[in-house]
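Here is a short briefing for you to read alongside the coordinates. Have the viewer open, and follow the topics in whatever order you like.

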Amino acid sequence: MGGRTRAGWVAAALGGLGLLCALLGAVMIVAVPPFMRQQVLKNVRIDPSSLTFNVWKDLPVPFYLSVYLFDVLNPREVLAGRSPQVRERGPYVYREFRHKSNITFNDNDTVSFREYRRFQFQPHMSRGSEGDYVSMPNILMLSSAMMAEKKSMALKFLMTMGFSSLGQQAFMNRTVGEIIWGYSDPLIKLINHFLPGMLPLKDKFGLFAEFNNSDSGLFTVFTGVKDFSRVHLVDKWNGISKVNYWHSDQCNMINGTSGQMWAPFMTPETGVEFFSPEACRSMKLIYQEAGVYEGIPTFRFKAPDTLFANGSVYPPNEGFCPCLRNGIQNVSTCKFNAPLFISHPHFYNADPSLAEAVRGLHPSEKEHSLFLDVHPVTGIPMNCSVKLQVSLYMKAVQGIGQTRQIAPVVLPLVWFEERGAMEGEPLQAFYRQLVLMPKVLHYGQFVLLALGGLLLLVPIVYQIRTQGPRDTESQPSPGDTESQPSPASPLLRGPLGGQPAGPGA
């Protein structure tokens with residue numbers, strides 16, 4: 001009796017524990033999702049108390065800038081009107097260091113900052129050195145010639161004489177370091193004299209000269225502390241809410257973020273939009289596929305086919321025109337009126353005639369498309385590769401002898417890739433706090449429910465087993481002689497207990 005009582009107490013205790021586990025699991029199913037959502041909202045906003053503030057302030061992700069230059073192999077033939085032949089040189093790889101400064105929190109739920117960049121050459125990651133010589137178009141001279149095309153013949157004659165006196169030719173042979181980071185050129189003074197206001201330069205010119213040890217402007221973005229629906233969105237850039245480079249309000253709009261983080265809880269329909277000062281416009285990427293980066297679920301976003309489409313193919317882009325061909329964007333209005341175009345590298349996803357006009361180009365989706373892998377729950381990029389090409393439109397300009405008989409062509413100058421991937425301790429900390437812990441809580445609630453259900457079965461089974469024998473004792477047993485009448489039973493005997501009475505007894 002005592003043993004059965006102890007077993008009953010144990011069964012009852014296990015049942016109580018099971019009920020507690022089941023209730024806790026049910027409560028977690030209801031409470032955990034909003035709790036986790038609240039934690040994400042709290043930790044991705046721009047606030048010194050948030051978990052990701054230091055990530056936003058000083059990006060721990062190692063960024064690299066890879067530069068590829070197009071070496072013109074037949075400059076004399078190009079001057080004679082033949083098609084150019086190029087050879088891709090590089091990559092010349094630079095480690096990119098970024099940090100935000102002048103961080104100022106404003107009263108209207110915004111924060112202002114400047115992000116400074118510094119580049120350091122990585123010889124072990126590069127194919128070549130900064131001392132390599134490359135033959136390229138003389139961007140300053142050819143741009144000046146193009147801009148003087150509709151000027152008077154007298155001015156063009158003076159420019160031709162000036163070019164000659166300075167030894168300027170249509171093509172130049174300079175080192176990679178000079179082309180990328182700048183070189184001194186007396187032509188800058190000549191351009192500033194004949195075309196004042198054209199260049200904001202004093203004595204040096206380089207494709208990336210304005211990027212090193214500088215910032216990309218004053219950004220003012222929403223913190224999301226008061227209104228989370230606008231977290232990370234750009235409010236103003238350099239004090240303006242829209243640019244004035246283009247010919248439509250839609251193209252001039254500053255949309256999206258500054259390109260570092262996005263709002264959390266993304267869906268495939270969300271898209272990724274950011275403002276690029278280098279491209280002088282906002283860009284929107286579209287969802288491609290779901291994936292996993294180092295155990296972290298991601299959404300991959302890519303550039304749509306219409307990103308650099310001209311107005312006839314994609315009417316909303318009409319404001320970026322005048323356009324030459326589909327797939328390249330005219331950026332002359334924001335690049336000192338120089339006839340420059342941006343596109344995907346090697347004219348990928350552009351009008352095929354562009355790549356066919358320049359020998360040595362090989363467009364490839366794998367090599368030349370851009371993408372962003374973003375953790376959809378937090379909006380933090382895990383792995384990214386942004387690629388752009390800068391090209392020069394060049395042709396013979398009547399009256400300027402240095403341009404000879406150059407046939408009209410959009411000649412690629414350089415393409416570059418900015419890439420970064422979260423790794424090391426920042427990646428591990430991110431995984432533990434924002435992926436592993438929510439996953440443990442998610443599965444933990446179902447484990448508690450299952451465990452609670454199993455423990456609740458213990459007292460039920462115990463009750464069935466303890467009540468089962470009592471029910472069988474109340475039923476007749478085939479072997480019970482006391483309840484079964486035997487052949488010798490008095491009920492089967494005669495009146496006096498002897499043999500049954502026969503006839504005439």
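Which residues in H4 are buried? They are Ile139, Leu140, Met141, Leu142, Ser143, Ser144, Ala145 and Met146, where buried means under 20% relative accessible area, exposed over 50% and partly exposed in between, with a 1.4 Å probe and protein chains only. Eight of the nine residues of helix H4 (residues 139-147) are thus buried, so the helix is largely enclosed by the rest of the structure.

Two notes before you dig in. This is a predicted model, in which local features need pLDDT of at least 70 and side-chain atom pairs count only at pLDDT 80 or more, while totals for chains, interfaces and linings use all residues. Residues are numbered from 1 along each chain as its sequence is written, and side-chain values use heavy atoms, with hydrogens and water left out.

**Overall picture**

- The protein chain has 11 helices and 17 strands; helices (H or I, at least four residues) and strands (E, at least two) are DSSP runs, numbered from the N terminus.
- Of its 505 residues, 47% count as buried.
- Among contacts in the protein chain with a separation of 6 or more, 66% come from residues 24 or more positions apart; a contact means heavy atoms within 4.5 Å.
- The protein chain exposes about 25,700 Å², and carbon and sulfur atoms supply 57% of that area. Accessible areas come from the Shrake-Rupley method with a 1.4 Å probe, and for residues only the protein chains shown count as cover.

**Aromatic pairs and charges over rings**

- A pair of aromatic rings is described by the distance of the centres and the angle of the planes.
- The structure holds 19 aromatic pairs. Rings of Phe, Tyr and Trp (its six-membered ring) pair if their centres lie within 6.5 Å; planes under 30 degrees apart count as stacked, over 60 as edge-to-face and the rest as tilted.
- Tyr183 lies in strand E6 (residues 183-184) and Phe205 in strand E7 (residues 204-205), so the pair ties together parts that are 22 residues apart in sequence.
- Both partners are shielded: Tyr183 is buried, with a relative accessible area of 3%, and Phe205 is buried at 11%.
- Phe219 and Phe275 make an edge-to-face pair, at 6.4 Å centre to centre with 65° between the planes.
- That pair links distant parts of the chain, with Phe219 in strand E8 (residues 214-222) and Phe275 in strand E10 (residues 272-276), 56 residues apart.
- Phe219 counts as buried at 3% relative accessibility, and Phe275 counts as buried at 2%.
- Phe219 and Phe275 also belong to one aromatic cluster, together with Phe53, Trp56, Phe105, Phe113 and Trp237.
- Lys100 lies over the face of Phe113, at 5.3 Å from the ring centre, and Arg174 lies over the face of Tyr183, at 4.0 Å from the ring centre. A charge sits over a ring if NZ of Lys or CZ of Arg is within 6 Å of the ring centre and within 35 degrees of the ring normal.

**Backbone features to check**

- Most residues other than glycine have a negative phi, and most peptide bonds are trans.
- The peptide bond from Gly90 to Pro91 is cis, with omega near 15°; Pro91 is found in strand E2 (residues 86-105).
- The bond from Cys321 to Pro322 is cis, with omega near 25°, and Pro322 lies in the loop between strand E12 (296-302) and strand E13 (328-330).
- Asn213 has a positive phi of about 55° although it is not a glycine. Asn213 is found in the loop between E7 and E8 and is exposed, with a relative accessible area of 56%.
- Phe347 has a positive phi near 60°. Phe347 sits in the loop between strand E14 (340-343) and helix H9 (352-356) and counts as buried at 3% relative accessibility.

**A buried histidine**

- His368 lies in helix H10 (residues 365-368) and counts as buried at 4% relative accessibility.
- Not counting residues up to four places away in sequence, His368 touches His344, Pro345, His346, Tyr348, His362, Pro363, Lys387 and Trp415.
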